[in-house]
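Please look over this model with me. My notes follow, in numbered points.

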Amino acid sequence: MSARTGTDGLRVWIDQDLCTGDGLCVQYAPEVFEFDIDGLAYVKDPGGELLQSPGARTGVPARLRLEVIDAAKECPGDCIHVVRAADDVEIAGPDAG
Ligand code: SF4
């Protein structure tokens with residue numbers, strides 16, 4: 001494991017087709033999740049830009065790991081996917097083991 005694993009170890013994406021627009025994720029981690037004008041949640045890059053291409057992933061800051069994982073577990077749409085950057089295995093979300 002590299003020293004950067006804490007920062008770069010997880011990535012997150014949203015399946016907007018299933019997003020209900022309730023905003024739970026934005027409450028948990030506004031640095032990572034944000035609404036667009038379509039009323040759906042998107043992930044943001046480290047500069048705060050919304051990533052709107054389907055399946056776009058962003059890195060999960062180490063200090064927000066728990067918040068992002070909790071958001072994925074509690075997302076009413078079951079549409080937040082948290083994956084390991086190294087092998088893309090989902091560790092929280094609808095496809096997590
Ligand atoms: S918690 Fe899930 S359903 Fe709710 S706004 Fe976020 S991505 Fe959409």
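**Ligand site and sheet**

1. Cys19, Thr20, Asp22, Cys25 and Cys75 come nearest to the ligand, out of 14 residues around it; a residue counts as near if one of its heavy atoms lies within 4 Å. By class, the shell holds nine nonpolar residues, four polar and one charged. Cys counts as nonpolar here, Asp as charged, and Gly as polar.

2. This is a predicted model: local features need pLDDT of at least 70, side-chain atom pairs need 80 or more, and totals for chains, interfaces and linings use all residues. Residues are numbered from 1 along each chain as its sequence is written, and side-chain values use heavy atoms, without hydrogens or water.

3. Four strands form an open sheet in the order β4-β1-β5-β6, with antiparallel pairing. The edge strands, β4 (58-59) and β6 (90-92), each pair on one side only. Strands are DSSP runs of E, at least two residues; helices are runs of H or I, at least four. Pairing takes at least two DSSP bridges.

4. β5 (residues 80-84) pairs with β6 over two bridges, in the antiparallel sense. Val83 stands opposite Glu90 in β6.

5. Helix α3 (residues 65-74) packs on the sheet and touches β1 (10-14), β5 and β6. Contact means heavy atoms within 4.5 Å.

Notes
Axes are lines fitted to C-alpha atoms, for helices over the stretch in contact, and angles run from 0 to 180 degrees between N-to-C directions.
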